[in-house]
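Biologist: I would like to learn how to read the features of a model. Please take me through them in turn.

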Amino acid sequence: MDFRKFRLIYGGIALSLIVSGCTYAEKEKAAEGAVGNLVAASETTAAPSTFAAAIREYILKDSSNTVLSPEKIGSLDDRILKLARNEIFARHGYVFKQKDLQNYFAAKPWYHADSAYKEHLSPTEKQNVALLRDYEAKYADYKLEPSHTDDVHLRGYTGDSGFKQKKMNVDLNGDGREEEIQLIPPVTELGAFNLKVNNITMEVGSELLPYLDIDDPYFEIALQMDSQMDFLRSTSFYAYDGETLKQIGELPDFSAHSSMYDGHGRVVSAKESNNFQTWFRDSVFRLDAEHSLHEEQQDFYPMEPPTPLTIKKEIAVQFHKDGTDEAFSLEPGDNVKFLGDDKLGHIKLQTSNGKEVWYTIGDEYVDYSSFFDGLILYD
């Protein structure tokens, strides 16, 4: 990753819905699809959800008898598209082979397994299955993947996102009624985007995308801001409870892709760190009981792949970061690899003979390029 080039900023806004769906295994059968790692949530007030203890019965309630349109599915993530496709078969009692699909549909009060069902579909259902498959394929070509060889946590999108919709008709809160959702562009060049759900309008600064968690009835909205300055990219998540639209979290980097959440309220996003070298940690956020995203402290944040370094000045290291063993020195010319840190000032290094040691950084600013050659740094 070339951190020595200062890059100009540009914004990109897109609309999408994200529902945290279950993670599924590789598909075993044409009817079954593989449906499937977060900065503190903004403080907002919202009416208590009347659906908080419920589950969502249907992804697309009328997909068995109403022809679907891009406005209904064009911004659903691929995880939810596959659930919606399998939902059409599940209504007939299709017996799923995959355990995750079995568990998902077994939790629906309307699902009754029928081993006699032979996958017959009505013309409307066939048309909807075909449309859902088409959008699944579009998502398969629109990927969030590592964009630099020296830090896999820094990701970028590949493929065309032109299939995503700026207007949608989707049931956001699981009450069986569709909401009218729109991302309204700014009137002037320096103006703000607005997110509109039914009659509620909220000023936003990022791209619109959908869904976070199928453990509750909600389809979350994710607005994703792009920038050529990686540390300025962000994703904001919003939830609608039938009365109130609120922001439930603003996360660094891109996290509105199904590859970045597990379907049970856990979302991963890359967060920049400059305390030792410039690198991106995978930060984990989780949806709490108040329906807000909060970052979870991890024991260790790995640098992937490790950064090869050469010692320039003698440093003291230990085998245990808690200081229970005696410190020893690494000398100028020694080769090490930066393996990551614990975000508490403890840096893990690997020596040339494969031993893992800890180097503790202080509270005061230190130019670590004076001690290590090969650090990834901005100019």
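**Helix packing**

Modeller: Helix α2 (residues 78–90) and helix α4 (residues 123–140) have axes that come within 9 Å and cross at roughly 160°. Axes here are lines fitted to C-alpha atoms, for helices over the stretch in contact, with angles from 0 to 180 degrees between N-to-C directions. Helices (H or I, at least four residues) and strands (E, at least two) are DSSP runs, numbered from the N terminus. This is a predicted model: local features need pLDDT of at least 70, side-chain atom pairs count only at pLDDT 80 or more, and totals for chains, interfaces and linings use all residues. Residues are numbered from 1 along each chain as its sequence is written, and side-chain values use heavy atoms, with hydrogens and water left out.

Biologist: Which way does α2 run relative to α4, parallel or antiparallel?

Modeller: Two packed helices are described by the angle between their axes and the distance between the axes. Here α2 is roughly antiparallel to α4. The classes are under 35 degrees for roughly parallel, over 145 for roughly antiparallel, 65 to 115 for roughly perpendicular, and oblique for the rest.

Biologist: Which residues of α2 and α4 make the contact?

Modeller: Contact means heavy atoms within 4.5 Å. From α2, the residues include L81, I88 and F89. From α4, they include V129, L132 and Y139.

Biologist: Are D171 and R56 buried or exposed?

Modeller: D171 counts as buried, at 12% relative accessibility. R56 is buried too, at 5%.

Biologist: Which residue does K321 meet in a salt bridge?

Modeller: K321 meets D342, at 3.0 Å from N to O. The two sit 21 residues apart, D342 in the loop between β18 (335–341) and β19 (346–351), K321 in the loop between β16 (315–317) and β17 (328–330). D342 is buried, with a relative accessible area of 1%, whereas K321 is partly exposed at 32%. Another bridge joins K348 and E356, at 3.5 Å. Salt bridges that share partners also join D230, R233 and D253 into one network.

Biologist: What about the backbone, and which residues have a positive phi?

Modeller: Most residues other than glycine have a negative phi, and most peptide bonds are trans. D253 has a positive phi of about 65°. D253 lies in the loop between β11 (245–252) and β12 (266–273), and is buried at 2% relative accessibility. K343 also has a positive phi of about 65°. K343 lies in the loop between β18 and β19 and is partly exposed, at 27%.

Biologist: Where is the cis peptide bond?

Modeller: The cis bond joins E304 and P305, with omega of about -5°. P305 lies in strand β15 (residues 301–311).

Conventions: Buried means under 20% relative accessible area, exposed over 50%, partly exposed in between (1.4 Å probe, protein chains only). A salt bridge is a side-chain nitrogen of Lys or Arg within 4 Å of a carboxyl oxygen of Asp or Glu.
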